[in-house]
Amino acid sequence: MTASNTFAPVPLDTLLASGLLPGAALVTERPAAAGAITNVAVMAVPDVGPWLRRDQLLVTSGSVLARLASVSDFVARLDRRGVAALAVRLDTGPDLPRELADAATEAGIPVVTFTAACCSGHEISRSLDRMAARQIDAVLAADHVRHDLMSVVMTGGGHRELAAALARALGGAVLVTTPDGRQISRAGEDADLCRLTASSALDATGRLRTDSVEGGLGRRELGNGFIAVSAVSANGIDHGRLAFFTASRSLADEELYLVERAAEVCALVVTRELAVAAVEEKHRANFVRDLLRGRGGDPDRVVAHARTFGWDLSRPIVVLAIEPDPVDTDAAAAPNRMPVVERQARAFSGAVAARDPGAVVTALSTETVVLMGEGADTMTLVHELVAHVRGAGGGGRRPFGVGVSRVSASVDDLPALYSQARTALEVGRRISGEWAVTHFDELGVYRLLSLVDEPEELESFARETLRELTEDTAEAQDMRRTLEVLLATNINIAETARQLHFHYNTLRYRVVKLEKMLGPFTAHPALRLDLSLALKIIAMRGINS
């Protein structure tokens with residue numbers, strides 16, 4: 001935006017009265033909270049995104065609007081960017097398109113129509129003419145770069161080759177990242193890449209910052225350079241970011257437009273890769289699903305077939321079941337992205353590949369399943385994988401639980417191991433809540449409780465045994481905690497008082513109170529066993545916990 005069409009805030013009526021738009025007329029209802037205009041821009045091409053500004057009067061024509069793919073999406077974008085009003089020159093007919101008027105009215109954006117070109121003697125008009133010329137030049141430049149990038153795609157090139165071609169065309173550093181900013185590929189001169197790494201555009205791990213306004217999209221100054229970032233979208237799903245950085249010059253809106261068009265070519269690569277990966281992944285997932293159902297066939301043939309995928313099932317194997325934790329519908333609402341199970345599977349695949357190249361990682365319908373080799377300390381490795389995925393791995397913004405099985409002696413054991421992993425996942429989640437990582441052998445008596453087919457019977461036993469301690473009150477929860485520690489210390493009053501930070505006499509008073517409620521458990525081991533089981537049922541079933 002040039003200085004000549006940016007000014008102190010003025011009401012829309014005042015600007016229209018200046019003669020900029022001959023025959024201007026307000027044709028939609030003016031919102032009660034209509035703001036003042038601080039800048040004016042022209043829309044000479046349909047893809048006007050880089051030129052949009054808050055509190056802006058956007059000037060265009062009916063012929064340009066006719067080339068829009070979706071009028072409602074266009075108005076929604078104006079609303080998101082805070083555009084104050086839209087002015088349309090009626091060069092294709094006497095009436096404003098009804099769809100545009102309805103969408104603008106719903107969004108609260110005033111629409112003005114006018115019948116002739118902007119007043120040529122108006123100072124802002126001259127600036128708008130220059131802006132229109134720059135937009136058209138940007139379209140031609142983007143078409144040239146797009147042609148070069150399409151040649152890369154048509155010859156089989158991927159993101160790495162596209163990034164290199166774009167870096168050569170624009171003269172700077174280029175990043176292709178995931179939606180949360182993890183780098184997929186980078187290209188450009190070493191000096192530019194070093195400055196980008198040192199800039200505020202990346203965090204300490206090298207991840208592109210995408211948690212700012214509009215996911216970090218747009219053009220902005222960083223202090224040591226300028227960056228333009230566009231979303232890479234395919235089939236209505238956000239697949240990543242394309243970022244261009246330079247320290248040698250400031251970036252204009254036209255270069256952001258060029259980056260946005262280059263991102264469309266990147267989306268073609270995504271679409272191609274997704275189509276190929278979908279076929280391959282379906283075959284792999286069907287094979288794993290058969291293994292987990294005990295339908296894999298002869299073990300030697302299973303091992304040989306797995307080897308064609310790069311998997312090593314000829315060794316002792318541990319099964320991991322990984323599933324997103326349930327979330328509220330409102331909390332789950334977010335821009336369209338790859339399904340969460342697929343994102344988590346990709347994140348775990350990257351994390352596991354560096355530690356166990358022969359491991360199996362596949363996304364099933366609601367979960368990710370990992371078949372990996374047994375290590376000296378399997379649980380330590382599992383916790384490392386989870387920490388990586390939650391952090392730099394990019395699959396942990398949505399909470400997930402992990403269940404870990406015992407070790408297999410043969411691929412014939414995989415169905416039983418998968419059942420163990422699922423049990424550890426489900427019971428561990430009930431006991432520990434979000435982000436639970438649970439080994440099957442850690443479940444203890446919970447394994448037996450999880451086998452009871454009638455949960456109502458378990459809950460009835462817990463309520464009958466613990467009585468008023470199952471009430472949903474702070475006092476009941478506090479007394480349950482006291483009872484739990486007492487049982488864990490085998491009724492050692494002194495040790496329980498120390499762990500709970502109570503005075504010895506205070507705890508003795510609590511013991512007397514508990515025995516009045518529950519019976520003489522300090523003298524009856526069988527009652528203590530019942531109470532211990534009831535407490536575990538509460539922990540597992542979440543009864544008033």
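View 1. Arg195 is partly exposed, with a relative accessible area of 39%, whereas Asp192 is buried at 11%. Here buried means under 20% relative accessible area, exposed over 50%, and partly exposed in between (1.4 Å probe, protein chains only). The two residues form a salt bridge whose closest N and O atoms are 3.8 Å apart; a salt bridge is a side-chain nitrogen of Lys or Arg within 4 Å of a carboxyl oxygen of Asp or Glu. Both residues belong to helix H7 (residues 190-198) and are three residues apart, about one turn of the helix. Helices (H or I, at least four residues) and strands (E, at least two) are DSSP runs, numbered from the N terminus. The structure is a predicted model, in which local features need pLDDT of at least 70 and side-chain atom pairs count only at pLDDT 80 or more, while totals for chains, interfaces and linings use all residues. Residues are numbered from 1 along each chain as its sequence is written, and side-chain values use heavy atoms, with hydrogens and water left out.

**View 2. The salt bridge between Glu323 and Arg429.** The closest N and O atoms of this pair are 3.0 Å apart. Glu323 lies in strand S12 (residues 317-324) and Arg429 in helix H13 (residues 414-432), so the pair ties together parts that are 106 residues apart in sequence. Both Glu323 and Arg429 are buried. Salt bridges that share partners join Glu323, Asp325, Glu367, Arg422, Glu426 and Arg429 into one network. By the salt-bridge rule, the count comes to 29.

**View 3. Asp180 and its partner Arg182.** Asp180 is located in the loop between strand S7 (173-177) and strand S8 (183-187). Its relative accessible area is 2%, and Asp180 therefore counts as buried. Asp180 forms a salt bridge with Arg182, the closest N and O atoms being 3.6 Å apart. Arg182 is partly exposed, at 25% relative accessibility.

View 4. In helix H3 (residues 71-80), the buried residues are Val71, Phe74, Val75 and Leu78. They cover an arc of only 95° around the axis, which puts them on the same side of H3. This arc is that of the directions from the helix axis to the C-beta atoms. The face of H3 turned away from the buried side carries the exposed residues Asp73 and Arg80.

View 5. Most residues other than glycine have a negative phi. Ile491, which is not a glycine, has a positive phi of about 60°. Ile491 is found in the loop between helix H16 (474-488) and helix H17 (493-500), and is buried at 17% relative accessibility. His501 likewise is not a glycine and has a positive phi of about 60°. The loop that holds His501 runs between H17 and helix H18 (504-518), and His501 is exposed, with a relative accessible area of 72%.
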